Amino acid sequence: MPTSKDVAQAAGVAQSTVSYVLSGKRPISEKTRKKVEAAIDQLTYQPNAGARALASRKTRVIGLVIPFIPELEMGSIMEFVSVIASTARQYDHDILLVTDDEGAAGLRRVVGQQICDGLILMQVEDEDERLPVVRSLNVPVVLIGIPRDPSGLVCIDADFEMAGEHCVRDLAAAGHSVISVIDWQPAVMDRHVNYVDRFLHGTDVAAKALGVTVLHLPGGTDRATISESVDKALASTTGKPAFIAPDRTIQDILRRILSSRGLTLGLDVSVIGSASPTLAELQPIPLSTIDLRPAEVSRRAVKIMCQLLEADSHGPHESLELVPTVITHRSSTLRPQ
C-alpha cells in the first residue's frame, strides 16, 4: 500500500508537507496543496488511522451511546444512527457504537481508554444517572435529548412541545373539538424521557389556547389496551373524532381498530402519526405525520460535536438547540375547514 513517503515523492514535496496538508496544522500554499491532493488521488493513499492517532493524540472516532431496549422501535433509532455515521464521515470521523447497558461506567471506560474523542448520547432521561459523569468528562459530549436540568450540558433535540402544539392546532383547524392523544407505550413512559412530557405539554398548551379538549389515553403494544383507549375517545367525542399517535409502535394497531369500528381515516376520523415519509406513504391510507426531523437533529449533533473537537477546548460546554418540527398532510386527516 502507498505511504506518505510515496505521496511526497509523487508530489515533489517533503514528507512533512504531506502531513501538514492532511492535518491542516500549518498553512500550505494552494499550489502545493493541490499537488499533494493530486498525488493522493493518483496513488489512492489512505492515511493510517493508528499512526494519525499517535501523532495527533486524536482517534477521530466519536462514540455513539445508544439504547438497545426491546420495547423501543429500533427503526426510529437506526434513522439517527445512519445519518450520524454518514455525517461523521463527511467530517473525517468514524462512529463507535456503545450500548448503554454499562451506564455511567461505560462512559468512563471508553473515555478513559481513549477509544474515542467525544460522545453523543441518545435517549436521555429526565434524571439520567449518566449526567454527573458526563459533566466530569474531559471530552466533548453532545446529548440528543434534554434532561430536567440541562445546565453544563450540550443538548439538541426536536422541538417536541412545538410538535404537540402543531398537531392540536392542525386538527382543531379541521373542525375537531375533541382530540385524543394515544400515549407512548408504558416502557417508554416509565423511562421518563423528557420528550414525552414536552410533547404532551405542547398539546395541552394549544388546547387551552384554542378552547378544544385534549384527552390523554393509555398506549401499548396490545390490541386490548388500544381498543379500550379508542372506545373511551369515541364515547367522549361529539362530531368526528381525531387521534394523535406519536408512538410508531401503536399506529398500525390503531388504524385496524378504527377500521373495525367502521371509521375510515381521512373521511370519518383524523389521525396524525409519526413515521418516515416512505413508511407513511406505504400505509393503506397515506398517513399524515408530524415530522420530528431525526435526520436534521442527527446532522446538527455531529456538526456541534466536530466544532467542539476542532476548537480543542475542554469543558464544561453548555448549549441547547431545538429543531423545529413540521406536519406533512396526507390522506389520514380531514381537510381544514
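This is a predicted model: local features need pLDDT of at least 70, side-chain atom pairs count only at pLDDT 80 or more; totals for chains, interfaces and linings use all residues.
The buried residues of helix H14 are Pro294, Val297, Ser298, Ala301, Val302, Ile304, Met305, Cys306, Leu308 and Leu309.

**Helix H14**

- Helix H14 covers residues 294-311, which makes 18 residues, and from its first C-alpha to its last it reaches 26 Å, close to the 26 Å expected at 1.5 Å a residue.
- Just after helix H14 comes Asp312, a residue whose phi is positive, at about 55°.

**Aromatic pairs**

- Three aromatic pairs are counted in the model.
- In one of them, Trp184 and Tyr195 have ring centres 5.7 Å apart and ring planes at 65°, and because planes over 60 degrees apart count as edge-to-face, this pair is edge-to-face.
- This pair links distant parts of the chain, since Trp184 sits in the loop between strand S6 (178-182) and helix H9 (186-189), while Tyr195 belongs to helix H10 (residues 194-210), eleven residues apart.
- Trp184 has a relative accessible area of 6% and is therefore buried, and Tyr195, with a relative accessibility of 14%, also counts as buried.
- Trp184 also forms an aromatic pair with Phe199, again edge-to-face, with 5.5 Å from centre to centre and 90° between the planes.
- Because Trp184 lies in the loop between S6 and H9 whereas Phe199 lies in helix H10, this pair ties together parts that are 15 residues apart in sequence.

- The relative accessibility of Gln251 is 14%, and because buried means under 20%, Gln251 counts as buried.
- A polar atom in the side chain of Gln251 lies 2.5 Å from the backbone nitrogen of Ser274.
- When neighbours within four places in sequence are left aside, the residues in contact with Gln251 are Ala245, Gly273, Ser274, Ala275 and Leu287.

How values were computed: Residues are numbered from 1 along each chain as its sequence is written. Side-chain values use heavy atoms; hydrogens and water are left out. Helices (H or I, at least four residues) and strands (E, at least two) are DSSP runs, numbered from the N terminus. The expected span of a helix is 1.5 Å times one less than its number of residues. Buried means under 20% relative accessible area, exposed over 50%, partly exposed in between (1.4 Å probe, protein chains only). Rings of Phe, Tyr and Trp (its six-membered ring) pair if their centres lie within 6.5 Å; planes under 30 degrees apart count as stacked, over 60 as edge-to-face and the rest as tilted. A polar contact is a pair of N or O atoms within 3.5 Å; within protein, one must be able to donate a hydrogen and the other to accept it, and residues adjacent in sequence count only if both atoms are side-chain atoms. Contact means heavy atoms within 4.5 Å.
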